[in-house]
Amino acid sequence: MGNQIFIQKDSFTKDPSTVKFTFLEDGKDQSGFIVLYNFKYYAYRNKCQHLSVELDWDNNEFFEEEEKFIVCATHGAIYEPSTGKCLMGPCAGEKLEVLNLKILEDKLIVTI
Ligand code: FES
């Protein structure tokens, strides 16, 4: 049975915003995040497609200044929040790993 992470919808302070979480996989701590963007939720593994590093430049800071794109802190790859597609940077054309997300009335459930 998969690992489940529960996140309350009211954890999102605004649109757009993100909520980061960790989970255990093969005995190791892993990181993921949910994006609220244009009234919709998306869940991704927190791992750049260029090198195997977390995307956020400060804890739970995923968006660039204009808050239109997710940016990787390490080399600046730009990802589209609604698809996870890398639009610009060293991994252009690749996609963030989408995590299974269930949306309920008051909470979100990520199943790994
Ligand atoms: S590690 Fe993300 S762009 Fe290089």
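Q: Which residues do ring pairs link into a cluster here?
A: Phe-33, Tyr-44 and Phe-62 are joined into a cluster by ring pairs. Bear in mind that this is a predicted model.

Q: How many aromatic pairs does a search of the whole structure find?
A: The search finds 5 aromatic pairs. One of them is Phe-33 with Tyr-44, where the ring centres are 5.9 Å apart and the planes stand at 50°, so the pair is tilted.

Q: Where do Phe-33 and Tyr-44 lie?
A: Phe-33 belongs to strand S3 (residues 28-37) and Tyr-44 to strand S4, so their pair ties together parts that are 11 residues apart in sequence.

Q: Phe-33, buried or exposed?
A: Buried, since its relative accessible area is 0%.

Q: What about Tyr-37 and Phe-63, how are the rings arranged?
A: Tyr-37 and Phe-63 form a stacked pair, with 6.2 Å from centre to centre and 15° between the planes. Tyr-37 is in strand S3 and Phe-63 is in the loop between S4 and S5, so this pair ties together parts that are 26 residues apart in sequence.

Q: Why does Tyr-37 count as buried?
A: Because its relative accessible area is 18%, and the limit for buried is under 20%. Phe-63 is buried as well, at 9%.

Q: Changing topic: where is Asp-56?
A: Asp-56 is found in the loop between strand S4 (40-45) and strand S5 (70-71).

Q: Is that side of things buried or exposed for Asp-56?
A: Asp-56 counts as buried, with 11% relative accessibility.

Q: What does the side chain of Asp-56 reach at 3.0 Å?
A: The side chain of Asp-56 reaches the backbone nitrogen of Asn-60 at that distance, 3.0 Å. There is also a polar contact of 3.1 Å between the side chains of Asp-56 and Asn-46.

Q: Which residues is Asp-56 in contact with, leaving aside neighbours within four places in sequence?
A: With those neighbours set aside, Asp-56 is in contact with Lys-20, Asn-46, Glu-61, Phe-62 and Ala-73. Phe-62 is also part of the ring cluster with Phe-33 and Tyr-44.

Q: On to the open sheet: what is the strand order?
A: The order is S1-S9-S8, with 3 strands and antiparallel pairing. Strand S1 (4-8) and strand S8 (100-103) stand at the edges with a single partner strand each, so one side of each has no neighbour in the sheet. Neighbouring strands are turned by 20° against each other on average, direction ignored.

Q: How many bridges join S1 to S9?
A: There are 5 bridges between S1 and strand S9 (residues 107-111), and the two run antiparallel.

Q: Which residue in S9 does Ile-5 stand opposite?
A: Ile-5 stands opposite Val-110 in S9.

Q: And how many bridges join S8 to S9?
A: S8 is joined to S9 by 4 bridges, and these strands run antiparallel. In this pairing, Asn-100 stands opposite Thr-111 in S9.

Q: How many residues are there between S8 and S9?
A: There are 3 residues between S8 and S9, and the two strands form a hairpin.

Conventions: Residues numbered from 1 in each chain as written. Predicted model: local features only at pLDDT ≥ 70, side-chain atom pairs only at ≥ 80, totals over all residues. Heavy atoms only, no water. Buried < 20%, exposed > 50% of the residue type's maximum accessible area, 1.4 Å probe, protein only. Polar contact = N/O pair within 3.5 Å; in protein donor to acceptor, adjacent residues only side chain to side chain. Contact = heavy atoms within 4.5 Å. Pairing = 2+ DSSP bridges. Axes fitted to C-alpha atoms, helices over the stretch in contact; angles between N-to-C directions. Phe/Tyr/Trp six-rings, centres within 6.5 Å; stacked < 30°, edge-to-face > 60°.
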